[in-house]
Amino acid sequence: MKKWHAASLAAAAALVLSACGGTGGSGRSGDGTGELLVWVDNTRMPAAQQYKKAHPDLKMRIVTIPPDAGYVPTKISLANRTKSGWPDVTFLVNPAEAATLASEKFGYAAPLDDLVPKSVRDGFTPGSLDTCTFGGKTYCLRNDIAPTVLWYDAKLMDRYGYQVPKTWAEYQQTGLKAAVEHPGTIVGAVNGKYGAGIYFGSSGCPTRDTLSLTEVHIDLGRSDCTRVADLLQPLARKKAVTTVAPIDPGFSKFGKTDKILMLPAPAWFGDFMFGPAFKVPKGRIAAAPMPTWPGESEPYAGQVGGGAFLVSAHAGGRTKQAADLVRWMTTDVNLQSKQPTYPAFTAAAKKWGEVKSKDPYYASDPMPALTAAANALRPGFGAVRYEADWQSSFNDTFVKAVDSGGNLRDSLASWQNKLEAAARTGGYRVE
């Protein structure tokens with residue numbers, strides 16, 4: 001929580017710096033001369049170098065940036081002050097920062113609608129570019145997405161004689177039964193984005209429904225919010241869900257002691273968490289679609305993770321080159337099929353899945369569930385400038401109620417107030 005609070009302060013400071021410095025003027029970095037400046041993280045560095053090698057006549061400088069929250073907006077705000085030094089292309093580990101970089105105060109992100117053909121944009125997984133879209137304009141292309149599925153331990157399910165739930169009511173029943181019959185067993189994690197993004201996100205609760213770059217809809221009194229509280233209340237009382245964050249080293253105790261029966265979580269947990277972090281042996285973990293919410297016939301997925309590429313509005317004569325790089329980085333099938341996480345581009349995801357289907361770590365092919373989830377992203381989960389506060393306020397209200405044995409429905413009002421305050425601080429009008 002301290003890390004995200006610091007990120008929030010950094011983002012606020014970046015807004016102030018940007019407002020003071022303005023975004024006018026082209027500067028040497030955006031006057032159409034010189035080299036193409038590209039910022040990427042370590043994971044994307046080899047691909048950027050590959051592009052540079054394939055274009056020997058292109059002057060291109062690649063800079064490695066850390067994955068820290070708030071890093072890119074802070075650096076861009078400094079470039080706004082000096083009116084130089086903007087990267088022509090930048091990668092965002094946290095796509096929500098696109099809302100900051102596309103804002104009027106920053107003026108950094110260039111709309112891509114006229115730079116990337118609609119036929120190419122239509123090739124992305126349905127809904128995956130929603131976090132890049134504000135006021136009908138597309139400001140980024142997604143590199144990868146993180147749809148949520150219901151991960152479960154097939155060995156434990158079989159041993160206990162349980163069935164994989166298809167509805168959230170069945171999920172609740174199974175969790176309560178496991179809590180009694182196998183004390184210490186968990187069926188979920190409720191902490192920060194791993195609670196807000198997975199449960200509330202999949203339910204369609206409007207905690208960050210972006211109407212534009214300056215308007216956001218927040219309404220936690222709706223049934224698609226209260227039903228999440230009702231789902232988790234009895235599970236919380238029986239300790240069937242934990243408030244330990246899955247990325248916390250302490251979470252591994254559940255995996256090491258065979259206590260993870262089910263875990264609604266993003267696609268990347270399959271490769272990067274269950275084996276390496278939770279120490280669950282191979283041949284046990286399987287994936288199922290997210291359970292279906294009451295009154296609905298189809299399951300929806302939440303989102304936790306993924307990355308995006310942006311083109312600078314200051315690129316000048318390098319704009320076309322910058323857009324071509326971004327298009328290639330996100331849509332080249334051979335490149336994306338070798339990436340570590342679920343590609344946002346549909347054709348690349350299909351090829352990526354061919355390898356994943358044969359992975360011996362899994363108890364069964366996870367791709368049917370992952371593919372279904374990627375095509376069932378719940379609408380309304382937008383990129384917002386209060387991302388850090390969205391997480392910390394959830395922990396300060398809802399998670400606090402879970403830990404204290406409080407009423408989860410009652411905590412939604414407090415979360416609503418904190419979200420509205422954070423949104424207004426971020427420059428939004430709350431609808």
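In this predicted model, Arg208 and Glu387 are joined through their side chains by a salt bridge, with a nitrogen-to-oxygen distance of 2.8 Å. The two partners belong to distant parts of the chain, 179 residues apart, since Arg208 sits in the loop between helix 8 (193–203) and strand 8 (209–210) while Glu387 is part of helix 16 (residues 387–404). Arg208 and Glu387 are both buried.

A salt bridge also connects Glu215 with Arg429, whose closest N and O atoms lie 2.3 Å apart. Because Glu215 belongs to strand 9 (residues 215–217) and Arg429 to strand 14 (residues 429–430), this pair ties together parts that are separated by 214 residues in sequence. Glu215 is partly exposed, at 21% relative accessibility, and Arg429 is likewise partly exposed, with a relative accessible area of 46%.

Arg227 and Glu296 form a further salt bridge, in which the closest N and O atoms are 3.4 Å apart. This pair, too, links distant parts of the chain, with Arg227 in helix 9 (residues 223–237) and Glu296 in the loop between strand 12 (285–288) and strand 13 (303–311), 69 residues apart. Arg227 is buried, with a relative accessible area of 17%, whereas Glu296 is partly exposed at 26%.

| Salt bridge | N to O distance |
|---|---|
| Arg208 and Glu387 | 2.8 Å |
| Glu215 and Arg429 | 2.3 Å |
| Arg227 and Glu296 | 3.4 Å |

These pairs are among the 17 salt bridges that the structure holds.

Technical notes. Residues are numbered from 1 along each chain as its sequence is written. This is a predicted model: local features need pLDDT of at least 70, side-chain atom pairs count only at pLDDT 80 or more; totals for chains, interfaces and linings use all residues. Side-chain values use heavy atoms; hydrogens and water are left out. A salt bridge is a side-chain nitrogen of Lys or Arg within 4 Å of a carboxyl oxygen of Asp or Glu. Helices (H or I, at least four residues) and strands (E, at least two) are DSSP runs, numbered from the N terminus. Buried means under 20% relative accessible area, exposed over 50%, partly exposed in between (1.4 Å probe, protein chains only).
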